[in-house]
Amino acid sequence: MPPFLLPYFRILKYLTVLPLPLVQILGDNVCLGETSEFNAQQTAGNLVKTWNWDFGDGTSAQVQNPSHFYTYPGVFNVTLRVTGPGGCTDITQKQIVVRG
């Protein structure tokens, strides 16, 4: 294209904006010796591609609905980080009490 015509043309780019994958943690307090059952419920946004759990005791899981056995009592901050197909992430936390 001749340079003198450039001011008469626009370059358009189309972007796809993907919504965040939003989730919440469902899980209850337990007594020592019981297994904790966790459920990740998607509340909005894109489908979740990866699930990354941190149970607050140095252990983790990479499934949507894990179970976990705590080996000592205490208060644990459970963190779930999810990633959607476009790379957008959401992080949510829930405090779980393991009574001894």
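Keep in mind that the model is predicted. Strand 9 pairs with strand 2 and also with strand 8. Over on the aromatic side, Phe38, Trp53 and Phe55 are linked by ring pairs into a cluster.

**Strand pairings around strand 9**

- Strand 9 covers residues 89-99 and runs parallel to strand 2, residues 30-31, with two bridges joining them.
- With strand 8, strand 9 pairs the antiparallel way, over ten bridges.
- Gly74 sits opposite Val98 of strand 9.
- Strands 8 and 9 make up a hairpin, and five residues lie between them.
- Look for Gly87 in that turn: its phi is positive, at about 95°.

- Thr71 is found in the loop that runs between strand 7 (67-69) and strand 8 (74-83).
- Is Thr71 buried or exposed? Thr71 is exposed: its relative accessible area is 60%, and the cut-off for that label is over 50%.
- Thr71 and Arg99 are 28 residues apart along the chain, and 11 Å separates their C-alpha atoms.

**Aromatic rings**

- How many aromatic pairs does a search of the whole structure find? The count comes to five.
- One of them is Phe38 with Trp53: the ring centres are 5.6 Å apart and the planes meet at 45°, so this pair goes down as tilted.
- Phe38 belongs to the loop between strand 3 (35-37) and strand 4 (39-44), while Trp53 is in strand 5 (residues 50-54), so the pair ties together parts 15 residues apart in sequence.
- Trp53 also pairs with Phe55, and there the centres are 6.2 Å apart with the planes at 15°, so that pair is stacked.
- The tilted and stacked labels differ because planes under 30 degrees apart count as stacked, over 60 as edge-to-face and the rest as tilted.

**Burial of the ring cluster**

- Phe38 is buried, at a relative accessible area of 1%.
- Trp53, which has ring pairs with Phe38 and Phe55, is buried too, at 2%.
- Phe55 is buried as well, with a relative accessible area of 1%.

Key: Residues numbered from 1 in each chain as written. Predicted model: local features only at pLDDT ≥ 70, side-chain atom pairs only at ≥ 80, totals over all residues. Heavy atoms only, no water. Helix = DSSP H or I, 4+ residues; strand = E, 2+ residues; numbered from the N terminus. Buried < 20%, exposed > 50% of the residue type's maximum accessible area, 1.4 Å probe, protein only. Pairing = 2+ DSSP bridges. Phe/Tyr/Trp six-rings, centres within 6.5 Å; stacked < 30°, edge-to-face > 60°.
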